[in-house]
Every structure is written in structure tokens, then in C-alpha cells.
Amino acid sequence: MSVETVSLCVVARNEEDFLPNLLNDFLQQSYPKEKTEIVLVDSMSTDDTRKVMENFVQKYQSEYIAVRVEENPKQILAFGWNKAIISATGDVVIRVDAHAHIPVDFVEKNMNLHQSGEKITGGVRPCISANNSQWGDVLLEVENSLFGSSFNVSRRGTQRQYVKTMFHAAYRRELFDEVGLFNEKLARTEDNEMNYRMRMAGYKICFDPDIISYQYARNTLRRMIRQKYSNGYWIALTLGVCPGCISVYHLVPAAFVLAIFGTTLLSLFGFHLLTALMWGAYGIFAILGTVLSIAKGKGNAFSILMPFLFLLLHVSYGVGTLVGLLKMPSFAKKVRQEQ
């Protein structure tokens with residue numbers, strides 16, 4: 001079987017701090033450069049991101065099939081990914097976030113699975129910290145913990161299996177010709193919707209834990225809260241456009257926020273049992289998550305704050321979902337009218 005070509009695609013906006021490291025990861029890949037092309041999409045950056053991309057083209061384009069820079073004037077991720085896919089010529093298209101780090105064998109392991117007949121592949125994607133501080137380490141532990149980040153197989157799976165969605169996925173190029181491009185109406189959940197359409201078209205998404213990529217976690221609490229709120233908000237909007245894209249666990253934080261309001265209201269009328277049960281159960285899981293982190297040797301002086309950090313992130317996500325649910329009917333109607 002001949003060695004197939006691959007297109008590594010990145011969409012970035014104001015990523016001058018992270019993009020150079022990712023491009024260095026590309027240079028270190030064990031998969032042959034002469035079978036690789038790189039497509040970089042700049043989303044109207046106001047820092048030196050575009051310069052970083054152009055410098056990479058000038059230095060290394062002769063080593064690859066091609067290295068090209070595209071522009072994303074809409075500054076929407078889905079539009080940027082579509083520009084990359086249209087530009088890509090490889091047999092396989094790999095989507096890599098600008099906030100990522102990939103080991104030297106990341107491309108090779110994906111391509112080996114494709115050579116074996118798989119159409120969509122990927123693996124586990126834990127988070128790593130961008131700064132070496134105790135506070136950053138605690139934020140990272142909250143993000144990576146089971147209680148903080150959910151049961152998503154793509155975060156913690158240990159065996160090869162077929163899954164519903166995937167981070168940093170590698171797709172056969174021809175699948176986009178059949179299924180279509182990313183939905184540009186979705187700002188945060190475009191990958192969920194795309195993977196859903198591909199599954200509905202009969203394609204399987206192969207998860208292999210031997211394939212590893214990393215995502216840099218937000219390094220401040222404010223950024224993490226904003227990210228969780230936005231994620232929850234777009235989960236709700238997507239529910240009105242593609243209900244099958246959303247799993248029940250996506251809605252758990254919203255249910256938790258409603259439970260807070262409901263049990264608080266009941267307490268005002270003298271019914272305290274449900275409030276005690278809810279907060280007691282939540283406290284047990286939050287403390288357990290903290291203890292497990294410390295037991296793994298990843299605790300420090302800030303670890304005592306982990307139960308409160310869990311609460312802040314869960315409430316932020318849940319509030320975002322509830323706000324999104326209120327806006328979902330009008331959003332879904334607008335999307336249908338524009339189709």
C-alpha cells in the first residue's frame with residue numbers, strides 16, 4: 001500500500017505565544033515531510049500570528065508538499081476550518097487547534113489507522129498547563145479531573161473503540177465532499193455537528209488511546225469561567241439546530257443550576273431536606289475529586305480551593321446553557337430561514 005498524503009490544518013487568531021511551539025511540533029513529526037502539507041489559517045490576528053505563519057512558509061515550504069497561509073475574514077472557527085479543507089489536497093485532513101501540543105508520532109499513528117481502513121481517527125486529549133505555577137497546576141487539575149471535565153471518552157478512554165465525537169480528528173478528505181463542510185452558524189460546537197453528520201452518513205469515528213494530543217488549559221480563572229460559560233451557551237444553541245449532536249451529560253450543569261434555585265426556593269418555605277441532600281452529595285464528589293488529585297501527588301497549597309473551583313466552573317457552564325436555551329428558539333429559527 002502506498003504512503004498517503006496528509007494535510008495538517010490550523011486555524012489561529014492572536015496565537016503568537018502558542019503557535020510557534022505547535023509549528024515546531026509539526027517539524028518534529030515522524031511522518032515523511034514529503035507526504036505532508038501544512039495549511040495555516042489566520043483569523044485576522046492583531047498580534048504577530050500572521051508573521052509567524054509567513055516566516056514558517058518562507059523557511060520550510062521546500063520541505064513539504066506545500067505550506068500555505070489562508071485568511072479567515074469572518075473570524076469564525078467553522079469558516080476558518082472550511083477555508084483549510086477547501087485548500088487542503090492531502091488524502092487525510094487533520095484538524096489541530098492552535099492551543100495544542102502533539103507528540104512526534106501523532107500524525108504517523110493516525111495515518112497508520114487510515115492505512116488500515118479507518119475513515120475518521122483520533123485519540124485521547126488531556127489538558128496541560130501553559131505556566132509552571134502552583135495556581136496554574138490547580139486549575140489544570142480541576143480541568144482534567146473526572147468531576148471537573150466529564151466522562152468524555154476522548155479525555156480519558158483506555159481502549160480502542162468507536163465514539164461519537166473526537167478532538168483533533170483526522171478525516172478522509174473525500175468525506176467532506178459527501179457530507180459537506182462545517183456549519184458556519186455554530187461558533188463553538190461545529191465539530192460536534194460535523195461528527196454527528198458523518199456518523200449519520202454511516203462513518204465510524206475510531207478512538208485509539210495510543211494516539212495522544214494535548215490542549216493547553218486556560219491559565220487564569222477568569223478565562224476558564226468565560227470558556228465554560230461560552231461552551232454551555234453554544235451547547236444550548238446547538239440543541240435547537242442539531243439535537244442529536246448533544247449528549248445528556250452536556251445538560252447536567254444546567255440541571256444543577258436549576259436544582260440550586262429550586263432547593264433554595266423550597267428552603268425558604270421550610271423544606272430543607274432536598275437542599276441538604278443536594279449540597280451534601282455535591283460536596284462529597286467535590287471533596288473526593290480534590291482528595292484524588294492530592295493522592296496522585298498533584299496537590300499544593302491551592303488545592304484546598306478545588307471544591308470551590310469545581311462549583312464556579314459548573315455554575316458558569318450551567319448558566320451559559322440556561323441563557324442559551326432562552327435564546328435557542330430564535331437562533332434555530334434564524335438558522336432555518338438562512339438555509
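Guide: The structure, which is a predicted model, holds 14 salt bridges. As background, side chains of opposite charge can pair when their charged atoms come close.

We may begin with Arg50 and Asp42, which form a salt bridge whose closest N and O atoms are 3.8 Å apart. With a relative accessible area of 26%, Arg50 is partly exposed, whereas Asp42 is buried, at 3% relative accessibility. This pair belongs to a network of salt bridges that links Asp42, Arg50, Glu54 and Glu71.

The setting of this pair includes helix H2, which covers residues 49-60. At 1.5 Å a residue, the twelve residues of H2 should span 16 Å, and the 17 Å between its end C-alpha atoms agrees with this. Within H2, the buried residues are Thr49, Val52, Met53, Phe56 and Val57. Viewed down the helix axis, the buried residues of H2 fall within an arc of 140 degrees, so they line one face of the helix. The buried residues of H2 pack against strand E1 (6-12), helix H1 (19-27), strand E2 (36-42) and strand E3 (66-71). On the other side of H2, Lys51, Gln58 and Lys59 are exposed.

Glu190 forms a salt bridge with Arg95, and the closest N and O atoms are 2.6 Å apart. Glu190 lies in helix H9 (residues 190-200) and Arg95 in strand E4 (residues 92-95), so this pair ties together parts that are 95 residues apart in sequence. Both partners lie under the 20% limit for burial: Glu190 counts as buried at 1% relative accessibility, and Arg95 is buried at 10%.

The side chains of Asp177 and Arg173 also meet in a salt bridge, at 3.4 Å from N to O. Here both residues lie in helix H8 (residues 173-179), four residues apart, which is about one turn of the helix. Asp177 is exposed, with a relative accessible area of 62%, while Arg173, at 18%, counts as buried.

Methods: Residues are numbered from 1 along each chain as its sequence is written. This is a predicted model: local features need pLDDT of at least 70, side-chain atom pairs count only at pLDDT 80 or more; totals for chains, interfaces and linings use all residues. Side-chain values use heavy atoms; hydrogens and water are left out. Helices (H or I, at least four residues) and strands (E, at least two) are DSSP runs, numbered from the N terminus. The expected span of a helix is 1.5 Å times one less than its number of residues. Buried means under 20% relative accessible area, exposed over 50%, partly exposed in between (1.4 Å probe, protein chains only). The arc is that of the directions from the helix axis to the C-beta atoms. Contact means heavy atoms within 4.5 Å. A salt bridge is a side-chain nitrogen of Lys or Arg within 4 Å of a carboxyl oxygen of Asp or Glu.
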